[in-house]
Every structure is written in C-alpha cells, then in structure tokens.
Amino acid sequence: ESGITRPKGYNVSFHCNPGMEKHHFGMTHPMKPWRLTLSKSLIYSYGMSFAMDNYVSRAATYEELATFHSTDYLDFLGTVLPEPVPRDLENQNPDLKFNLGGSDCPLFDGLYDYCSMSAGGALDGARKLCSKQSDIAIAWGGGLHHAKKAEASGFCYINDIVVAILQLLRYYPRVLYIDIDVHHGDGVEEAFFSTDRVMTVSFHKYDPNNFFPGTGALDDNGPKSEHNPGAHHAVNVPLNDGITDEQYEWLFNSIIGRIVEKFRPGAIALQCGADSLAGDRLGRFNLQVQGHGACVEFCKKYNLPLILFGGGGYTPRNVARAWAYETSIAISCDDKISPTLPQHVPWREQFRQDTLFPTLEQILGEPRVNRNSQKRLQDILQHVTEQLRFVQA
Ligand code: TV7
Ligand code: CA
Ligand code: ZN
C-alpha cells in the first residue's frame, strides 16, 4: 500500500530491542525511551519492515562493552541501584562516582540492561556490515555519543558508537564518523583522538558557556602533539541558533564531500540525533525532516557500508517522523515515501498533523531567528578545507 518494495541485491538490516523502550529516566527527564516505540510504530505502519531484515538485537556482553569502557566503570554500572528513597536535604549533592546518579544521568531500574541493549543493537548492526550481509544497518536505539571510557555524561552511559566503530575497524582500514545531533559528539571524538583510522565530524550548536557540553570549537581538531597520528582527524562544525535546511545541506554536502574525497573511508557511521530538528525540546535549530534526511541521502550515495544510529531527540513526534523518513531513504531506491501518514498508525493523535513533513509554521508557530550568516558558514568550510591538507588516506 505504501509502494515500498525490496530492491534486489541491496540489503538493509533493522536492529532493535523492545526491552529498551520500557525504561524510564524519571518523570521530567527529557530522554524518553518511548520515542523508540513511536518511531517503530510509524516505520511498521508504512510497511517498511517488508523491505528490510528485522532483528531483535541481543544485549551486548560485558566483554564487548569492555572493548572501550574500563572494567571499574562497568562493574560499578552493573551493581549500582536506584536510591530507594529520595535524597534528603543534607544529601542533595553527593559525590558522584563516574558521574552517575546526578540529574542528567540518573540511576534507574534496569539501567545496565538498557545500556547493554542499546550497545547490542549497534554492535549487531556493525557485524552485519562486516560480514557483508547488510549494506546499511539501522540501530535507532544507539547513538549515545557523550559516554566516556569511565564516565557517564549527558544522558549517555555506554558509548555504543565507539564499541560499534571498534568492530568496524577489524574489517575496514578507515571509518568516517558523522554526527548531526545538535550536541557535540565529544565522547566519540575523544575515543579516537589518537588514531588516523577514524575521522570524526560533528555538526552542533556551539556556545561554550550556555550549551552542553561546551566543547567542539572550529579549531579543536585533535591533540597536535608531535607524534599523534590522530592530529587533524577531528572536524568540528560549530553552529548558532536557527540554522535552516538550505544552509545545513549546503555545508554538510560541501564538508562531507571534501572529507570523503580526501580520507577515503571504507565505511561510514552516521549518528542521526533528532534534536537538531526545529521544535525540539532541547535543540535550537530550524531543521525540517527533509533537511535532516538529506544528510542520510547524501551519505547513502557513496555506496559504502553505512550504519545509522539514533541519538538525541526530545520531541517524540518529530523524532518518529525523522527516523521513519530516514529508514525509508535507507531502503528505497527511487520510490518516494507517501508524505501523508498511514491511516491506522498507532498513537495517531501524538503526531498532531497527518503529514510526515510538517512546515516550520506547523512545528513552531514562529520560527527561531537564524543567527548563522552565510559568511560564517563559508569561513567554516574554508577552515575545514585547510585542515584537510594535513589528512592523507
Ligand atoms: C545525546 N540539557 C544528549 C544531550 C545531553 C544534554 C542538559 C538537560 C536537562 C536535564 C534534566 C531535565 C533538562 C530541560 C538539558 C549542565 C547541566 C544543566 C540538569 C537539570 N531537564 C544527546 C545534557 C545537558 C534532567 N546537561 O546529545 C532531569 O533540560 O546542560 C547540562 C548540564 C547540569 C544538570 N542540569 C542541566 O542528545 C543523547 N540537561 C529535567 C529532569
Ligand atoms: Ca553533533
Ligand atoms: Zn543531543
């Protein structure tokens, strides 16, 4: 009914674990694992499951997580329990071990299961690419880019992306990591700071004093110590509030085009954080579903093994639209998805409008002021072009 068919000789695998979706960070916390349920519901209602291989992913094992994380941290993560009673007034600011238990990274029931399931989907996807069983692997439950080797950060406890890229590096000499979440992909950048086998590129809102995590300036390109092969292999694209589809697409295509030409990756890992969309509860950009999806379309055109991760996204109806549209881009050759939502999608009222592509006016009432001048975007492209002179495939 949606006109979506399975193209021959071209495989997409979809990795999810329904067990992830029932977890709660707390009533007022912006991260809602339920957005994954809403996304899948839209994807399945469009009939997309018939055009891909669908897998219920395993939870990643301790050993798999330990390919990146320290065992001290994993042991603690596996044993901490949520506080049975709320903290009393004298105990509002306990010393946080591994940054766990604060308001951004709360301890909740089943935390370790939630983390290992997120990483399991990402790792299963990476393995499907390595074995050539998939050309594109999708893991919307992953994309938790802030987690460090021995520290939780910004709603992220386990860095499923790093674990998946380490798997890809067993088969591919070079991996390109791209991050379109509105936040800086600091955890992934740091993990690969000292290797020239991974190039990391993050597009993000940058305002060191007012926007998390405050890193990712244009000239932060990896430690420039004398013998660091990873120097110049971190690309940062700091942006201001209100960037539009048109500007973002121009900058994304120009930058990624030059990087692929120079770095010649064997595989691409794309974090599709949906908090860069207009109307996001935490985000600041004016991107529409079309502009966000254009990044996936551009990456797909290289015909390289491609893994798509989720990430941020705090207005569930927009997250579901973006990830459904991007799933359709992954599976379709030429046929375009219907812009009208399927008739019988569960939680239909959540979506407010019955279109996959709401206008900025429908999303926001009044669009956010665009604080990105064309001159600044050209300067960013100029800096990246100069940086790439130091990069050799
Ligand atoms: C990948 N922004 C993660 C993005 C992580 C952002 C932050 C919140 C936030 C937390 C809450 C909450 C919130 C409305 C928003 C400096 C602080 C300021 C906590 C209140 N409401 C991703 C992390 C970021 C928690 N953190 O990239 C419980 O916003 O800015 C900060 C740090 C200290 C802690 N406080 C916020 O998208 C998945 N947190 C409500 C309840
Ligand atoms: Ca980013
Ligand atoms: Zn984010």
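## Sheet

Two strands count as paired if DSSP finds at least two bridges between them. In this predicted model, eight strands form an open sheet with parallel pairing, in the order 2-1-3-8-7-4-5-6. Strand 2 (53-56) and strand 6 (234-239) lie at the edges; each has a single partner strand, so one side of each has no neighbour in the sheet. On average, neighbouring strands of this sheet are turned by 15 degrees against each other, direction ignored. Strands of a sheet pair through backbone hydrogen bonds, either parallel or antiparallel.

## Strands 1 and 3

Strand 1 (residues 12-16) and strand 3 (residues 136-139) run parallel and are joined by three bridges. Ser-13 has Ala-137 in strand 3 as its bridge partner.

Strand 1 also contains His-15. The relative accessible area of His-15 is 3%, and His-15 is therefore buried, the limit being under 20%. The C-alpha atoms of His-15 and Ala-139 are 5.1 Å apart, although the two residues are separated by 124 positions in sequence.

## Ligand 1

There are 19 residues around ligand 1, and those that come nearest are Asp-104, His-145, His-146, Asp-275 and Tyr-314. By class, this shell has seven nonpolar, nine polar and three charged residues.

A polar side-chain atom of Asp-104 is 2.6 Å from a nitrogen atom of ligand 1. Ligand 1 taken alone exposes 800 Å², of which the protein buries 65%.

## Backbone geometry in the loops

The loop between strand 5 (198-205) and strand 6 contains Pro-213. The peptide bond joining Phe-212 and Pro-213 is cis, with omega at about -5 degrees. His-232 is found in the loop between strand 5 and strand 6 as well. Phi of His-232 is positive, near 70 degrees, in a residue other than glycine. With a relative accessibility of 16%, His-232 counts as buried.

Arg-352, in the loop between helix 9 (316-331) and helix 10 (360-364), is not a glycine but has a positive phi of about 65 degrees. The relative accessible area of Arg-352 is 60%; a value over 50% means exposed, so Arg-352 is exposed.

Methods: Residues numbered from 1 in each chain as written. Chains lettered and ligands numbered in written order. Predicted model: local features only at pLDDT ≥ 70, side-chain atom pairs only at ≥ 80, totals over all residues. Heavy atoms only, no water. Near = heavy atom within 4 Å. Polar contact = N/O pair within 3.5 Å; in protein donor to acceptor, adjacent residues only side chain to side chain. Areas by Shrake-Rupley, 256 points an atom, 1.4 Å probe, with all protein chains shown as cover. Nonpolar A, V, L, I, M, F, W, Y, C, P; charged D, E, K, R; others polar. Helix = DSSP H or I, 4+ residues; strand = E, 2+ residues; numbered from the N terminus. Axes fitted to C-alpha atoms, helices over the stretch in contact; angles between N-to-C directions. Buried < 20%, exposed > 50% of the residue type's maximum accessible area, 1.4 Å probe, protein only.
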